[in-house]
Amino acid sequence: MKRGRRAVVLGTLAALALGATACGSSGGDPLGGGSSASAAPGGSGGPGAGGGSGSTVVVGSANFPENVLLGSIYSQALKAKGVKVEEKFNIGSREVLYGQLQSGNLTVLPEYNGALLAYLDAKSTAVSTQDVNAALATALPASLGILASSPAEDKDSLSVSQETADKYNLKSISDLAAKAGELSIGGPPEFKSRREQQFKDVYGLTFKEWKPTADTTANALKDGGIQVGNVFTTDPKIVQYKLVPLADPKNVFGAQNVTPLVNKSGVDATATAALDAVSAKLDTAGLTALMKRVAVDKEDPSAVAKDWLKSNGLG
C-alpha cells in the first residue's frame, strides 16, 4: 500500500475517515473480466463446496498490496476447506467494492472495521473493537455482515526505536507522560493539528517538538532525528528498523481490525469457519512480517499467503 497516505490510494479506506475522497463509482460492473478463477478439488455442489447454495465464493480486494495479501489468505483458506473460489483482486475504492458486495458480484472482502464504520456512519464515536463491531452490526444492511475480527490492525501508532523503548522503559503511550518533554515527535504535516491536543487531554503528553516528517517518519526514528513517530502498525519498516509500536490503552487511535465483510447469502458454515480460523491466528506483528516479505523483499503475495496458512495449520 504504499502509504503515501492510505487515503490517497483508497479514499475512505484510510485511517479514521479524515475526509478523503474515493476515486471510484459504484455504477456498472467494473469487475467483469480479467479475474483469476481457481477452484478447489471436488468442484461445486454439496455442503461446504461454496457459498450458501454451493455456488462459487468470490473473494475481492482493494488495490493495495496488504489487501491483496489478505484476499489471498482468505481465498486459499477457503479452498483448503473444499470451497470453490474465484479471486477478483486489485479492484479499487471502497465505493466500488461495497457496491459490488451488495449486488452479489463479490462475496468476501478483507476490511478494516473502523474505516468501514466511518464510511457507513461518519458520526459514530465508537473506538474499541467491541464497540465498532456492535455499531457495524447496526449500520450494515441486512444482506451484509462481518465475521470475527482478527487481532491484526493496520492503523496509526506512536512508535519508538528499540533503543528509546529500552532507555525509557516504554511499552504504552501512557509511559511517555514522564518523558515526553524531552522527546521530539514526527509524523505527517497535519498530525500536530489533529493530535496534539488529544494527546494532552487523554494521556497528559506535551512533547518537546513536533516535526513534519511525513513518509520519512520511520527513517527519522531509525536515524534518531525524532524519538517518537506516527507509523502505521503494519508498515514493513517496523520490522526492518526494529521499531516498537506503543500500546494505546485509551484508544486515541480507534480500532482498525482486519475483518471479513461478507454477503451473507454467499457464505455457508464451512466458509464462515474457515475465515474465522484465519482471524483467530492473524495478529499485527504477523501481518507486519508478511508485509515485509511482500513490500520489501518483493515476494509474491499468493506464495506468502500460502506459507502463512501452512505454518498456522490452515492450508
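**Helix packing, cores and loops in a predicted model**

Helix 4 (residues 113-120) and helix 5 (residues 129-139) have axes that come within 10 Å of each other and cross at roughly 40 degrees. Helix 4 is therefore oblique to helix 5. Axes here are lines fitted to C-alpha atoms, for helices over the stretch in contact, and angles run from 0 to 180 degrees between N-to-C directions. Angles under 35 degrees count as roughly parallel, over 145 as roughly antiparallel, 65 to 115 as roughly perpendicular, and the rest as oblique. Helices (H or I, at least four residues) and strands (E, at least two) are DSSP runs, numbered from the N terminus.

This is a predicted model, in which local features need pLDDT of at least 70, side-chain atom pairs count only at pLDDT 80 or more, and totals for chains, interfaces and linings use all residues. Residues are numbered from 1 along each chain as its sequence is written, and side-chain values use heavy atoms, with hydrogens and water left out.

The crossing of helix 4 and helix 5 is left-handed, a term applied if the near helix is turned anticlockwise from the far one by less than a right angle. From helix 4, Asn-113, Gly-114, Leu-116, Leu-117 and Leu-120 meet Thr-129, Val-132, Asn-133, Ala-135, Leu-136 and Ala-139 of helix 5. The residues of this contact comprise 7 nonpolar, 4 polar and no charged. In this division, Ala, Val, Leu, Ile, Met, Phe, Trp, Tyr, Cys and Pro count as nonpolar, Asp, Glu, Lys and Arg as charged, and the others, Gly among them, as polar.

The protein as a whole contains 12 helices and 11 strands. Of its 315 residues, 49% are buried, where buried means under 20% relative accessible area, exposed over 50%, and partly exposed in between (1.4 Å probe, protein chains only). Among contacts (heavy atoms within 4.5 Å) with a separation of 6 or more, 78% join residues 24 or more positions apart.

In soluble globular proteins, nonpolar side chains tend to be buried together. A nonpolar core is a set of buried Ala, Val, Leu, Ile, Met, Phe, Trp, Tyr and Cys residues joined through side-chain atoms within 4.5 Å. The largest such core has 50 residues, and Leu-69 and Leu-78 have the most contacts inside it. Helix 2 (residues 65-80) gives the most to this core, with 6 residues. Not counting residues up to four places away in sequence, Leu-78 touches Val-57, Val-59, Val-83, Val-85, Ala-271, Ala-274 and Leu-275. Apart from this core lies another, of 21 residues, including Tyr-168, Phe-207, Trp-210 and Leu-246.

Leu-109 belongs to strand 4 (residues 108-112) and counts as buried because its relative accessibility is 2%. Leu-109 and Ala-62 are 47 residues apart in sequence, yet their C-alpha atoms are 8.4 Å apart in space. Thr-213 is found in the loop between strand 8 (209-212) and helix 8 (217-223); with a relative accessible area of 12%, Thr-213 is buried. Beyond residues up to four places away in sequence, Thr-213 touches Gly-186, Gly-187, Ala-220 and Ile-226.

Two loop lysines complete the picture. Lys-242, in the loop between helix 9 (237-240) and strand 10 (243-245), has a positive phi of about 55 degrees although it is not a glycine. Lys-242 counts as exposed because its relative accessibility is 63%. Lys-298 lies in the loop between helix 11 (284-296) and helix 12 (301-311), and its phi is also positive, near 60 degrees. At 65% relative accessibility, Lys-298 counts as exposed.
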